Amino acid sequence: NMAIRELKVCLLGDTGVGKSSIVCRFVQDHFDHNISPTIGASFLTKTVPFGQELHKYLIWDTAGQERFHSLAPMYYRGSAAAVVVYDITKLDSFQTLKKWVKELKEHGPEDIVVAIAGNKNDLGDIREVPMKEAKEFAESIAAIFIETSARNAVNVEELFQKISKQIPPLQNPDVESNESFKLTQQPPPSTRRCC
Amino acid sequence: MASEQLPSEFDVVILGTGLVESVVAAACSRVGQRVLHLDRRSYYAGKWASFTFNGLLSWIEEQSKITASEEHDWSSQLEDGEDLIGLTTGDVSQVTNLQVFNYTSEEEEQVPSLEEEAKEDEEEDEGGADQTPAGETQEEGAPSSESEVKEEINTPAQKSQPEKSKKRLTYAELLKEGRRFNIDLVSKLLYSRGALIDLLIKSNVSRYAEFKNVIRILTCRHGNIEQVPCSRSDVFSSKLLSVVEKRMLMRFLTSCLDRDTPLLYQDFAERPYLEFLQYQKLSENLQHFLIHSIAMTTPDTPTAAALAATQHFLKCLGRYGNTPFLFPLYGLGEIPQCFCRMCAVFGGIYCLRHSVHALVVDKCSSRCKAVIDSTGQRISCSHLVLEEGCFTQTAPPTRCVSRAVLITDGSVLPTEAEQQVSIVTIPSESPVRMVELCPSSMTCIPGTHLVHLTCQSVGSAFEDLSPVVNRMFRTPDSDHPEPRPEVLWCLYFNMPEGLESEGGELPPNVSVCLGPDGSLGHDGAIAQAELIFQKILPGEEFCPPGPAPEDILYQGEEPDASPAQPGEEPEASSSQPGEEPEASSSQPGEEPDTGTSNQGEEPEASSSHQGEAEASPTCKGEESETSPSQQGEEPDASSSPCTEDSDTCPNQLEDGTQG
């Protein structure tokens, strides 16, 4: 029985670069040109094995709140990793990438793993962002770099494998004794001591 | 990506992202309304906001600037038969009597944190600093520089705390670590069976937040800080109570939960609670706990009201912890943001730094047809929801809350388990409640505590609360023998309570949301949001559960995974190394997800359709129990565990008396 670790991953990047498509490809191995912008998805999950652990990714999409620069700080809370996506065929989307990275440094957790994904690499013939430039930028901020194609299922799995590799090993779970918790419909039985 | 224009047609336009507005936004969006949610500020949650330390400093600065209302002529946007109603465009903050005191040391220099004598010398000089006029920020003010000087002549204090030479935090460190603070403007807690918790769970918005139990209820009596026994185990282990008192308290609390209680206090219903407790022959000890910490009221509160509060308190015990209260990680400001996310997830459009300047009103129907936004764009809507203070208001607020926010260097009642969230009730003419937050609540940095004090305003926040601060903490103005945590930085301000607006003139399809009230819980805000929602969409369900992440399918897509069998571990089985992991989690039939249960034994309740049970990750480190009856039931069934539990409560208390 392998230990399961929940890892929150938040997606960042301009509207239309293919953030949802990447998640959709990763989680459901599906691509749709007319993907409806993420209606009803609070986050999607997928579990992948990594070493002696299972990594259960909880992948949060921006739900459109990036469109008018109105992402809430709660979006970044507790994220183990962030995937910042740009579109290799749109120079603009690469230029604003730096802004997203800056926002991440401001609001995101300090130890967050950052991955930069140049999506739509199936459209190499209309490429506007040279891979070298993007790679150098990623290196300068110690981020993972990969070019992906959600459409052709290229490098999407690899993106998350690379993230898994960078996730620091699990610490002793007993360290924190009075942890926080999520609310459930059925409250846990209260811990009563017998006397 | 910047200059995109907003769509010009919505069902509901909402201005302001406070709790009430955000719940309305989520509720409307959830049932298919097209929602535009705006806030003129650059941050979420308005008066309910939570700030980093640096963010709070900017907020303080903003409060002292009164932004003048801009004048615009939008009449060119009008069509025949329409009128304009202008809104205030400047931010009417309504926060008054703002005062800041900084007691951090200015330099990176280690000082023994105890300097009683130095403190006393300083006192006279401090007098001036206390009178800082409202709005003036005094971050690098006199107190710290003076303490710097006095440190030289500091003699080691005899009553030194165990941590001897603790470094005093410098202001530079505070600024540097500022982003790790989350400082709420409003200080409230969540009752474990209150309206907000119920709504978070019912709507599945609870997925977006994590909580901590408030571990201790403390009170201040005769200058001492004592832990109030409220659960059975507390009562037993309490050293403050005699055996007789323990029995009496148990008997009394048990009787409070009895349905026949009204008969018991009939004659006292309108008489002061204190008289009733005296009549019950409860000791002074018990009277204090029962009045101030359990009913959280005053001795002269009518007995019926005090007992209702006591009952609510008792029913909330044991659902999540030994006190009735929860606190969200990262602060209360998270909660409105969580509801906003729910709204966005269902298609709501969000735009901060964007406002509404005027309403377009149809002369015939007198309904609001559209709004003119801050860019001059006309946006049509069927309903408009506004935060309070949008209309030029003449009447000054009648009720205010006095607030103090302190960053201290320790807990008022240190224990071995340092990481505790506590509520402290401090009896006074206007009872003060104090919430002490530890670093693991993600609201302050290690080595500090964040303390919120709140009371109904009698005078300015400083007048109302600084005597309490000086009594409970070490400040340049305090003088008590007991070792107490030191105040490093503090802020006082008054905030008006949400008031019934004089909205008689408003178009019928415009609603105004009130700001936070002075009570400890959130029932008022949630009731208000539901009322506004019902007005907009009569008969629609208020915040039905969102689908579980596992149930989201992109349009028309059928996953090729085989359905997971209940009782199996689909996650584990779905992920063969080297193989394409199946998307079994997307299968809409059933999804027993063992992943989140630490014990790995109890499959969670699966949410197979939208009307069903919560399927969010369970309470970490605790068992998640899925009662068979839960399956296939509507979420309203959540009331049954409630009654069940509250029934067990008296038994539990009775057990205690026998022990």
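Some ground rules. This is a predicted model: local features need pLDDT of at least 70, side-chain atom pairs count only at pLDDT 80 or more, and totals for chains, interfaces and linings use all residues. Residues are numbered from 1 along each chain as its sequence is written, chains are lettered from A and ligands numbered from 1 in the order in which they are written, and side-chain values use heavy atoms, with hydrogens and water left out.

Chain A. It has 5 helices and 6 strands. Helices here are DSSP runs of H or I, at least four residues, strands are runs of E, at least two, and both are numbered from the N terminus. The order from the N terminus is β-α-β-β-β-α-α-β-α-β-α. Of its 195 residues, 55% count as buried. Buried means under 20% relative accessible area, exposed means over 50%, and partly exposed is in between, with a 1.4 Å probe and protein chains only. The accessible surface of chain A is about 8500 Å², and 50% of that belongs to carbon and sulfur atoms. Those areas come from the Shrake-Rupley method with a 1.4 Å probe; for residues, only the protein chains shown count as cover. Now contacts, meaning heavy atoms within 4.5 Å. Among those in chain A between residues at least 6 apart in sequence, 74% join residues at least 24 apart.

Chain B. Here we have 17 helices and 22 strands. Buried residues make up 58% of its 659 residues. Its accessible surface comes to about 25900 Å², with 49% from carbon and sulfur atoms. Among chain B contacts between residues at least 6 apart, 73% join residues at least 24 apart.

Let's look at one helix. The background is simple: an α-helix has 3.6 residues a turn, so residues three or four places apart point the same way.

Next, aromatics. The whole structure holds 28 aromatic pairs over all chains. Rings of Phe, Tyr and Trp (its six-membered ring) pair if their centres lie within 6.5 Å; planes under 30 degrees apart count as stacked, over 60 as edge-to-face and the rest as tilted. One of the pairs is A:Phe181 with B:Tyr320, stacked, 5.7 Å centre to centre with 20° between the planes. That pair crosses between chains, from the segment after helix H5 (156–166) of chain A to the loop between helix H12 (303–316) and strand E11 (325–328) of chain B. A:Phe181 is buried at 4% relative accessible area. B:Tyr320 is buried too, at 7%.

Then there is B:Phe53 with B:Trp489: edge-to-face, 5.0 Å centre to centre, 80° between the planes. B:Phe53 lies in helix H2 (53–64) of chain B and B:Trp489 in strand E21 (487–496), so the pair ties together parts 436 residues apart in sequence. Both residues are buried.

Ring pairs also link A:Phe43, A:Trp60, A:Tyr75, A:Tyr76 and B:Tyr208 into a cluster.

On to the cores. A nonpolar core is a set of buried Ala, Val, Leu, Ile, Met, Phe, Trp, Tyr and Cys residues joined through side-chain atoms within 4.5 Å. The largest has 175 residues, and those touching the most other members include A:Ile163, B:Tyr273 and B:Trp489. Apart from it lies another core of 25 residues, among them B:Cys455 and B:Tyr492.

B:Tyr43 lies in the loop between strands E2 (35–39) and E3 (50–51) of chain B. Is B:Tyr43 buried or exposed? Buried, with a relative accessible area of 15%. Its contacts include B:Thr17, B:Trp59 and B:Leu352, not counting residues up to four places away in sequence. A:Asp92, in helix H2 of chain A, counts as exposed at 56% relative accessibility.
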